[in-house]
Amino acid sequence: RNAFGLYSDLMREMTLNPAMGNYLDMAISTRTRPNENYAREILQLFSIGLYMLNQDGTVKRDAQGNPIPTYDQAVVNGFTKVFTGWTFCGSQCADTEPGIVNYRQPLVLNPANHDTGEKQVLSYPGSDPNIPAGLSGEEDLRRALDNIFHHPNVAPFVGKLLIQQLVTSNPTPRYVGRVPALFNDNGQGIRGDLKAVVRAIL
């Protein structure tokens, strides 16, 4: 579902997927016992990677020739707080069976277990690197995923991964560079249109 839809929708679905919540421990992450696993993996593996990228997928470097990190521990801490309080759907879901974890329905928020403090997220031109305190868990999640989705690394990072899975394991920068433009705008002002991205890749 959403394989050919918007990447933002796919990110939200996978974030609240109960199997993912179990695998990367988000379903047991609370404000008193926060777990970093999902916060780290959504950044490192699913969206922006460890280092800043040019739009052709090559790594950006500082004046000393070192790769420029995309985030630090403070950002991991911020996203960890965002993802607290989400857990398996229980009695509020009609298809929940007693004593059995509900893997059919998305994770739901337990507000009592959500960290409502200020949260540092990704900083890049045009972004707001802080989510203010006192918002609901749903609003924290919406702002955090939006913050990731609009990061400039998403287009080349996801584009290169898709090329590697669909066409060739070692694409040239020229090949990679043709894809982010379609991710950033499918020609109709829409960002993250995976159908347009896959068509461009193939």
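Predicted model: local features only at pLDDT ≥ 70, side-chain atom pairs only at ≥ 80, totals over all residues.
**Stop one: Thr84**

Start by selecting Thr84, in the loop that links helix H4 (73-82) to strand E1 (86-87). Is this residue buried or exposed? Thr84 is buried, because its relative accessible area is 1%, and the cut-off for buried is under 20%.

The side chain reaches the backbone oxygen of Lys81 at 2.7 Å. A polar atom of the Thr84 side chain also lies 2.9 Å from the backbone nitrogen of Asp115.

Next, bring up the surroundings. Beyond its neighbours within four places in sequence, Thr84 is in contact with Ser29, Thr30, Arg31 and Pro34, and also with Leu109, Asn113, His114 and Asp115.

**Stop two: the disulfide**

Move on to Cys89 and Cys93, which are joined by a disulfide with an S to S distance of 1.8 Å. The model's disulfide count is one. Colour by accessibility and you will find Cys89 buried at 3%, while Cys93 is buried with a relative accessible area of 15%.

**Stop three: Leu202**

Finally, select Leu202, in the segment after helix H9 (194-201). Leu202 has a relative accessible area of 71%, so this residue counts as exposed. Which residues does Leu202 touch, not counting those up to four places away in sequence? They are Leu166 and Val167.

To end, draw a distance from the C-alpha atom of Leu202 to that of Tyr124: the two are 78 residues apart along the chain and separated by 31 Å.

Notes:
Residues numbered from 1 in each chain as written. Heavy atoms only, no water. Helix = DSSP H or I, 4+ residues; strand = E, 2+ residues; numbered from the N terminus. Buried < 20%, exposed > 50% of the residue type's maximum accessible area, 1.4 Å probe, protein only. Polar contact = N/O pair within 3.5 Å; in protein donor to acceptor, adjacent residues only side chain to side chain. Contact = heavy atoms within 4.5 Å. Disulfide = S-S within 2.5 Å.
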